[in-house]
Amino acid sequence: MSQALLIKNGTIVNDDEILKADVLVKNGKIVEIGQNLHSEGAVLVEADGRLVIPGGIDPHTHMQLPFMGEVAVDDFYTGTRAALAGGTTMIIDFVIPSKDSTPLKAYKQWRDWADPKVCCDYALSMAITTWNEEVSKEMQMVTMPEYGINSFKFFLAYKGVFMVQDDEFYQGMLQCAKIGALARVHAENGPVIAEKAKALLDMGITGPEGHTQSRPEELEAEATNRACVLAGQANCPLYVVHVMSKGAARAIAHHRQKGSVVFGEPIAAGLGTDGSHYYSEDWLTAARHVMSPPLSRDPTTPEALMKLLACGELHLVGTDNCTFNCQQKLAGKHDFTKIPNGVNGVEDRMSIVWERGVHRGVMDPMRFVAVTSSTCAKIFNIYPRKGRIAVGSDADIVIWNAKATKVISKDHHHQAVDYNIFEGQEVHGVAEMTISRGNIVWEDGQLSVEGGAGKFVHLPPYCPYVFAAVQQREKVIQPRAVKRAPVEEMAAAKISEIQNGTRAKVPPGGGSKISFA
C-alpha cells in the first residue's frame, strides 16, 4: 500500500486545462484536488514553480525483443526503470509471435517475461505475423477481459519474418473491426525493399548507408497511403506507428480529411535527430541509428513532424524503443541487412518533446500532455484512469521542471544500451519527481523501485474514442443492389424488339451516334 502524498502549490496541466491547485493522493489514487488542502500524516511534496502533469505513456516499445538473431538489451526491468527516470509511468509493449507460433502462446511468453520485471505499469498490443483461421479465433480470444488486448499490429515490411500480404492485412482488419480492436500498421513496402537491398549489396554497398537507400521515404508514404485505403475498405480504425517522413504524414492527413479514423504516431527518434548519421565515416555511429523505417535524410523533417503534432495532424509520440548494443550491431558489419534494427528513446522521450515542442514555442504545455500521455490513454481506452490529473485517476504523476536542463548522454542514462542517439543534446524540461501508483519512484536523480512494482493494465475493446463513428459508417457504406426484372425476361424482350423491325437510324447531321427507333 502506498503512503499518502500531498502535492502542494504546483500548477496542474491536463490536455485541456491549466490550474493552480494541490493534489492529495491515497492508496495509489488521486482523491482530492483543490486549494489549501491538508492531510494529517501525508508526505508533503512541494511543487511550487513546477508543473504537475499526468505520467507519460509510451505507446510503442519492444523490451527484450528477440529479433534478427539477437535479443534487445533493455529488458522489462531496465527499460521500465529508465522510463520512470524520464517521466513515463506506463508503456505499451508488443507481443510478436513468430510465424510458426500463435497469439496465445506468444501472449503467455510476454507476460512471463514482463510481470516479474516491470517497474512501471504496462499493457500489451499484439502483432499478427501470419493469417489463418486459428489466428482469427485467437484474436477474438485475447480481446476478452482476462487477456486485455485491444489492438493488433500488422507489418508491411520484414519480408519472410513478420510481414503479411495485403490480403492478409485486409482480412486482419476486417476481424479487428468485428471484435472492436484497433489495427496498427508498420507501413513500408517489404517486397520492394528486399529487391532494393539485394541490388545495393550486389553493387558492393554493404554499410549502414545501404539501409536508408534500400528504404526510401517514398516507400513509407506509398505503404501508409495503401494501408489507409485498405483500412477504409475494411471500415477499420487505423493507427500508423512510427511516422518517419513528411510523405507518410501527408497521407494520414489526406485520409483524415476524407473522414477516415486514422491516428499517426511519430517517435522521439524522428523528432530529435535525423538520418544524416547513416553517412558517417564511423561505421558504428551509422549502425547505431539503423531502424525501420529509417530516420529521414531531410534535415527539416523533425521540425515538420513536431508542427504536425502541435496542430493535431499527428496525434501522440512513441519511441519504438528496441535497443541493441554496439556488439550486437556488429552482426551486420559486412551486410547492412543483418544490422539489428532499433534505437533508444524511452527515457528521453518526454524531454525531447518538451525541448523541440514547448521550449521552442511550437506547442503549449496542454498539447504536450496530450501527445505524451492523454491521447494515448484515450486511444487505448484507459482514460481518465490514466492520462489525467483528476479525482479517481491513478496516481501516476510527474513533477515537471520546465526550467531545468540536462545534457543527454549514455554516461548517465539508465538504459542498458551502451550508446544514446541523442548524445550531447541539451534539453529543457525534466522529470524532477515521478510518482507511480502513488509511490515516489524517482527523486533527486535517484530511482527507488523494484522489479514487479508495475502492474499489467487490461485494455478494453470497443473504445468510443476510436469506434464512435464506425457503426454509423458501416450503415452508410453498405453495398446496395439495383432491383431489375429477371435478366432472361429483359433479354428476350430486347431481342424480340429488334427482330420485329427495329432498325438503326443515323442521327441528323451525319454523326456517328447510333440510336434505335
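A: By class, the lining of the largest pocket has 8 nonpolar, 5 polar and 3 charged residues. Here Ala, Val, Leu, Ile, Met, Phe, Trp, Tyr, Cys and Pro count as nonpolar, Asp, Glu, Lys and Arg as charged, and the others, Gly among them, as polar. This is a predicted model, where local features need pLDDT of at least 70 and side-chain atom pairs need pLDDT 80 or more, while totals for chains, interfaces and linings use all residues. Residues are numbered from 1 along each chain as its sequence is written, and side-chain values use heavy atoms, with hydrogens and water left out.

What counts as a pocket? On a 1 Å grid over the protein atoms alone, a pocket is an open set of points with protein on both sides within 12 Å along at least five of seven lines, a cavity is a set where a 1.4 Å probe fits but cannot get out, and lining residues have an atom within 4 Å of a point. The largest pocket holds about 350 Å³ of space, a volume being the space filled by probe spheres set on the points, which are joined across faces, edges and corners. Of its 16 lining residues, Met68, Tyr158, Lys159, Arg215 and Thr337 lie nearest the centre. Two elements give two or more residues to this lining: helix H5 (190-202) and helix H6 (209-214). H5 gives the most, with 5 residues. Helices (H or I, at least four residues) and strands (E, at least two) are DSSP runs, numbered from the N terminus.

The largest cavity has 15 lining residues, and His62, Phe67, Tyr158, Asp320 and Asn341 are the closest to its centre. This cavity contains about 130 Å³ of space, and its lining has 7 nonpolar, 6 polar and 2 charged residues. By this rule there are 7 cavities of 30 Å³ or more.

His62 leads us on to Lys153. Among the residues that Lys153 touches are His60, His62, Arg184 and His186, not counting residues up to four places away in sequence; contact means heavy atoms within 4.5 Å. Lys153 sits in strand E13 (residues 151-155) and is buried, with a relative accessible area of 1%. Buried means under 20% relative accessible area, exposed over 50%, and partly exposed in between (1.4 Å probe, protein chains only). An unreviewed UniProt entry places "modified residue: N6-carboxylysine" at Lys153. UniProt positions follow the numbering used here, feature names are shortened, and annotations may be inferred rather than shown by experiment.
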